[in-house]
Amino acid sequence: MKDSPILLKVKNLRVHFPVRGGFWNRIIDKVKAVDGVSLTIRKGDTYGLIGESGSGKSTTGKAIVGLQDATKGHISFMDSDVTKKSARKKMNYNHDVQMIFQDPELSLNPEKRIFDIIAEPLRNFEHLNNEEEKIKVLKLLEIVGLGPDSLYKYPHQFSGGQRQRIGVARAVATNPKLIVADEPVSALDLSVQAQVLNFMKKIQKEFDISYLFISHDLGVVKHMCNHIAIMNRGRIVEIGTREDIYEHPLHIYTKRLLASIPEADVNKREEHHKNRLEVEKYYEQNKDKFYDENGEALPLIQITDTHLAAIPKNMKKG
Amino acid sequence: MDIFKDRLLSIENVNTSFKMDGKFYSAIKNINLNINRDEILSIVGESGCGKSTLAETIMGLLNPEEAKVSGKIYFNKKDLIQMDEKELNTYRGIKIGMIFQDPLSALDPLKRIEEQVAESLLYHTNETSGERHKRVLYLLNKVGIDKPDLIAHEFPHQLSGGMRQRVVIAMAIACEPDLIIADEPTTALDVTIQAQILDLLKKIQSENHCGIILITHDLGVVAETADRVAVMYAGQIVELGDVKQVFNNPKHPYTRSLLRSMPQNSTIDDHLYVIEGSVPSLKKMPTDGDLFAPRIPWVPMSEHEEHPKMHELDSGHWVRCTCYKNFYFPDKDGSAV
Amino acid sequence: MWKTILRRLLIMIPELIILSVLVFILSKQLPGDPFTGSINPKASMGQIHHLMKINGLYDPWYQQYWHWVVHLLHGDLGNSYEYQEPVTAIIGSRAINTFWLALLTMIMTYAIGLPMGLYAGRHEGKLQDALVRIYSYATMSVPFFVVLVIGCWIFGYGLNIFPTSGSVAPNATGFFPVLLSKFYHMILPATLGALFATSSITQYLRSGVIDAKNSNYVKTAQAKGVSMNNIYKHHIMRNAMLPIAAFAGYSITGLLGGSLFTEQIFSYPGMGLLFLNAVNFRDYTVMTALVLLYGFLSLLGTLLSDIALSIIDPRIRVE
């Protein structure tokens with residue numbers, strides 16, 4: 001994938017939220033939700049952004065789609081700067097960049113019919129007549145495995161998995177080039193999750209879509225993504241290919257995350273547990289080396305062509 | 001006999017149905033299950049399979065106007081189902097403790113942590129308030145809270161998710177119950193915290209020699225934590241056994257399908273396995289026959305029992321219906337998982 | 001918290017200024033003047049003009065306003081045109097009457113509303129709940145003044161058990177007889193006012209109880225072996241009260257609004273009646289002073305609500 005063209009480039013993105021207080025309710029502090037994130041998504045990538053709650057992964061995703069203003073930094077999409085709202089509007093940015101949300105129950109308007117929900121982005125960006133619009137919506141429904149009888153139903157008449165597929169259908173309606181999927185399967189059962197992930201892969205092939213796949217689930221990310229960035233306390237602490245991250249993790253936080261995933265193989269559970277306790281011990285003893293005096297992650301350093309990690313310089317070899 | 005000495009709870013033929021639009025619909029059917037001292041029994045299944053209903057049935061948390069319960073749940077040879085509220089409250093919180101899924105909503109937002117942890121001590125012991133205070137600090141310390149005196153004084157919203165779950169666990173073990181029912185105790189938590197909480201539960205179990213019923217949808221959590229596992233589908237137990245038996249040698253088509261649809265069990269180019277169809281809603285649930293049959297339509301009806309029963313394979317490994325015998329996945333040979 | 005209260009009080013100043021300007025302008029837009037109806041009918045137009053002139057009523061509104069503000073800052077709200085007495089003295093004596101009536105109404109409202117709301121919430125969907133709901137809808141759908149007129153007619157004139165006008169019997173002398181007589185005069189208007197005001201409290205509390213009893217912390221408490229009675233006492237009640245506490249301060253506005261009707265119908269000498277008269281007689285000084293006072297009390301009510309809520313709900317901090 002190294003050679004495919006760059007789709008999205010995020011440079012030094014910061015999103016800070018003001019904290020107000022004092023007598024005059026002035027800004028007295030800020031929460032650095034996202035604090036200097038840079039990443040590059042190439043065409044055809046499924047780029048995994050992993051982090052725990054409060055890591056800033058969702059805020060990063062929102063800033064990329066344009067649902068959240070960046071405090072600082074640049075976002076460019078296919079070589080044009082889209083950091084500013086006016087620029088995004090001018091180039092119909094959200095025609096090309098769409099979002100899938102975690103909770104389909106909250107992201108689908110309960111008072112609208114499926115037809116209107118899926119047709120909404122079409123109405124915003126494409127000028128189809130009624131007939132064309134209906135054909136297109138039916139085709140989208142078919143792609144995500146729903147029949148024409150769903151057209152005039154409401155979201156509550158569907159199960160969680162079906163609703164998430166409707167969310168997927170809405171996101172692909174305008175043939176976007178990039179979809180930001182924020183925890184798209186976290187609210188779903190295992191068997192339904194498999195279904196939605198399969199659909200996401202299928203439409204990726206069919207429509208040539210790239211994904212920014214935001215998740216806390218390392219198992220799902222391993223299955224879906226070829227490039228992965230690990231976020232911790234608003235910064236990226238490690239970036240690499242799937243092999244880099246899962247086989248040769250370098251940052252202490254990545255190691256800790258990987259060790260925390262429950263082991264599905266019962267025969268290895270003692271071994272896994274021992275390993276986890278060791279990693280945890282190592283983490284407690286060495287975590288200060290990986291963060292500066294303000295508790296912020298160190299700058300990323302290049303390890304290999306594909307692999308970057310926020311580790312102390314003296315650890316690079318060894 | 002030895003077995004009965006360590007037996008904490010015997011669930012016999014328990015059925016629970018819910019009233020909807022004036023009619024009762026069965027949510028769990030004919031549950032038979034035992035839990036012993038010193039073991040972690042995991043009940044695993046997807047949403048709507050009835051695992052939380054089973055927990056609430058055991059604890060007597062269901063509103064009698066909305067739910068009908070039949071069968072017997074023996075604890076110390078006494079049937080919990082027959083008890084009135086007053087008698088039940090001599091078991092709940094003392095002999096049986098419960099841990100809930102979402103620690104934020106499980107705590108009263110208006111009360112300090114100390115008051116909430118001390119609540120069961122207040123009603124079930126004769127301790128003075130000074131003794132209770134000491135005990136609360138001891139309990140908070142036991143669940144791994146570093147500064148118990150500070151935390152005791154906080155309100156729930158001031159704590160992190162992991163901290164809150166530790167508090168909820170401290171509440172459940174306040175009177176050192178023999179049995180702890182943990183309903184999705186780590187679902188709302190990050191994975192690093194999840195690992196810590198599961199360790200904590202194991203530690204408490206070995207220190208207090210209690211039994212734990214761990215309810216979860218996460219097969220990874222089961223594989224890592226449980227001693228025995230009961231797989232539930234559509235209100236029934238479909239497979240029951242030692243965790244190694246079930247994970248290394250899964251028999252029921254549902255268990256096998258679930259394991260097969262885990263992303264961990266596949267490589268990137270593989271299509272994830274998807275179980276056909278969906279779980280029927282309570283109202284549309286068939287009342288008899290193999291409830292999983294519609295999800296594996298390629299299996300001929302002759303393979304299923306008319307009234308599926310549990311069959312014992314090895315000692316302690318049970319599976320419902322006979323359809324497991326010749327079961328195969330249509331895309332590959334059946335030996336895949 | 002004290003800082004925040006101080007800040008909120010300071011913010012009230014511009015709000016009150018804007019309010020007073022609006023009221024001032026609007027009152028001047030009313031047709032008529034304070035003198036035509038009240039002085040000797042033989043007075044000539046010239047004399048009225050003269051009175052208007054010496055009272056500054058021909059000046060542009062902003063000059064009059066400025067004049068008024070300067071006096072206000074000296075604690076002088078001017079003289080009433082109608083009563084020829086200082087406005088502060090008139091309002092002072094009336095405000096006390098309204099205060100006691102409002103207080104009694106409020107106490108009775110909560111005394112009736114709280115148990116009804118709790119009862120209905122606890123027995124949600126049952127007969128008890130249905131009865132409370134019927135009562136709520138009935139009081140909500142009947143206009144307030146109709147309730148007052150009917151109540152006054154039945155209990156005042158028909159059964160003749162309560163007085164129908166005034167705040168104290170003219171022949172009452174001595175401390176306790178006067179106090180008793182004042183209380184006696186307030187019972188009927190306060191009860192009727194309370195019956196009318198309970199519906200919102202009952203409904204808030206009912207839904208508060210229903211929300212709280214379906215919450216997970218109630219399940220937790222049950223699982224801890226706490227009896228349902230104790231759960232109601234220690235968990236459900238407090239949580240269900242939150243919306244009521246938020247509502248309490250705002251209800252000052254409702255009480256003041258209600259007093260306009262109550263005092264008119266029962267000829268009760270309070271602020272409401274004074275206000276209506278002031279409007280009728282174009283008694284500008286009294287009118288503006290009262291509106292300002294109403295405005296101040298409403299703003300104070302919202303502040304009180306916020307403070308009360310922050311005291312019982314630890315999640316809300318006045319900061």
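How many residues of chain B are in contact with residues of chain A? In this predicted model, in which local features need pLDDT of at least 70, side-chain atom pairs count only at pLDDT 80 or more, and totals for chains, interfaces and linings use all residues, residues are numbered from 1 along each chain as its sequence is written. Chains are lettered from A and ligands numbered from 1 in the order in which they are written.

Contact between the two chains joins 32 residues of chain B to 27 residues of chain A, two residues being in contact if their C-beta atoms, placed from the backbone, lie within 7 Å. On the side of chain B that touches chain A, two or more residues are given by each of helix 8 (191-208), helix 9 (219-225) and helix 10 (243-248) of chain B, and the largest share, five residues, comes from helix 9 of chain B. Helices (H or I, at least four residues) and strands (E, at least two) are DSSP runs, numbered from the N terminus. By class, this side of chain B holds 15 nonpolar, twelve polar and five charged residues, where Ala, Val, Leu, Ile, Met, Phe, Trp, Tyr, Cys and Pro count as nonpolar, Asp, Glu, Lys and Arg as charged, and the others, Gly among them, as polar.

The contact between chains B and C takes 23 residues from chain B and 20 residues from chain C. Helix 4 (residues 113-124) of chain B gives the most to the side of chain B that touches chain C, with four residues, and that side divides into twelve nonpolar, six polar and five charged residues.

Chain B itself contains eleven helices and twelve strands. Its radius of gyration, taken over C-alpha atoms, is 21 Å, close to the 20 Å that the globule rule gives for 337 residues, so chain B is as compact as a globular protein of that length; the rule is 2.2 Å times the number of residues to the power 0.38. Buried residues make up 49% of the 337 residues in chain B, a residue being buried if 20 or more other C-beta atoms, placed from the backbone, lie within 10 Å of its own.

In chain C, C:Val87 is found in helix 4 and is buried, with 22 other C-beta atoms within 10 Å. The C-alpha atoms of C:Val87 and C:Ala289, although 202 residues apart along the chain, are separated by 7.8 Å. Not counting residues up to four places away in sequence, C:Val87 touches residues including C:Leu77, C:Thr285, C:Val286 and C:Ala289.

Conventions: Buried ≥ 20, exposed ≤ 12 C-beta atoms within 10 Å, placed from the backbone.
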